[in-house]
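Here's a quick briefing on which side chains pair up in this model, ring to ring and charge to charge. Have a look at the structure first.

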Amino acid sequence: MYSNKCYYSIQVPSPDEAPNSSPFTKTWYASMAIAVVALVTLGAAVIDHSASGKSIATYVGLSVPTMQNPAFAVAQRPNMQLGNVVDPSNFKKGLTVELDGVPHRIVDYQQSKQARQAAVTRTKLQNLLTGGFIDKTFRSGEKLDKAQIEYGEVSFTYKDGDAYCFTNMETFEEERLPAELLGDKIQYLSEGMMVQVAKFDGKAIGMELPNTLDLEVVETEPGEQGDRANAGSKPATVAGGKVIQVPLFVAKGNIVTVDTRDDRYITRVSK
């Protein structure tokens, strides 16, 4: 049997090709048939209904009379995706996991271990469907499924009450997200900005900004000559309304590069 859908690939020639006069060959085929049935029963393989598969199934019936109708063999173990399980020792900020089938993002975590006790990880999680937060503690060895989040590029088009509307520029499909799911990221948004909308089970649940944005400083205290050598900083409001810390030499009207992941000033692009 050979199937490109099973976890173990076994290729066995048709029993018809074996010399009927050889008891050893018949015994070998019977052993292989039993092995195939065992793998199928465990869900580790499926019967490939090709010509070769049928001949093997027939030989299984001949070799193991109690299993002449292996109808149960068509069931297949669910497709397991490696790397989709995570334990608390591998937690990091921003990781999305499933709790009771609901996607949550790890906002913060702290790992600790006391003598003669298993390590524990205390977390602050955000429910990506409601925007709410919970505190939850995990013990060492617990396993969680990573939330399978899909991303698609969209353009921010307009604000409608408390909802922010995004449009897929290829399909013109519109996604609406409430402000509570976007958090303070909305302070970076401007009309026409391309962002990534996150979906879980086909439903839009959040937005991901580009890691960096070039934004105009719309308000800040005036800088002074010689401030470039000063290591101090001051607050500045950039286009969209976000307030960040910038060097003293940055002035109103300057374009600056900002890291949207931690609201950090990177460099001044132009005066």
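Three aromatic pairs turn up in this predicted model, counting rings of Phe, Tyr and Trp (its six-membered ring) whose centres lie within 6.5 Å; planes under 30 degrees apart are stacked, over 60 edge-to-face and the rest tilted. Salt bridges come to 13, each being a side-chain nitrogen of Lys or Arg within 4 Å of a carboxyl oxygen of Asp or Glu. Because the model is predicted, local features need pLDDT of at least 70 and side-chain atom pairs count only at pLDDT 80 or more, while totals for chains, interfaces and linings use all residues. Residues are numbered from 1 along each chain as its sequence is written, and side-chain values use heavy atoms, with hydrogens and water left out.

**Aromatic rings**

- Phe-91 and Phe-138 sit edge-to-face, 5.5 Å centre to centre with 90 degrees between the planes.
- Phe-91 is in the loop between β1 (85–86) and β2 (96–99) and Phe-138 is in strand β5 (residues 133–139), so this pair ties together parts 47 residues apart in sequence; strands (E, at least two residues) and helices (H or I, at least four) are DSSP runs, numbered from the N terminus.
- Phe-91 is buried at 5% relative accessibility, and Phe-138 is buried at 2% (buried means under 20% relative accessible area, exposed over 50%, partly exposed in between, with a 1.4 Å probe and protein chains only).
- Phe-156 and Phe-166 make a tilted pair, with ring centres 5.5 Å apart and planes at 55 degrees.

**A charge over a ring**

- Lys-124 lies over the face of Phe-133, 5.0 Å from the ring centre (the rule: NZ of Lys or CZ of Arg within 6 Å of the ring centre and within 35 degrees of the ring normal).

**Salt bridges**

- Asp-108 meets Lys-93 at 3.8 Å, N to O.
- Asp-108 is in strand β3 (residues 102–112) and Lys-93 in the loop between β1 and β2, so the bridge ties together parts 15 residues apart in sequence.
- Asp-108 is partly exposed at 37%, whereas Lys-93 is exposed at 57%.
- Glu-208 bridges to Arg-105 at 3.1 Å, linking strand β11 (residues 203–208) with strand β3, 103 residues apart.
- Glu-208 also forms a salt bridge with Lys-185, at 3.9 Å.
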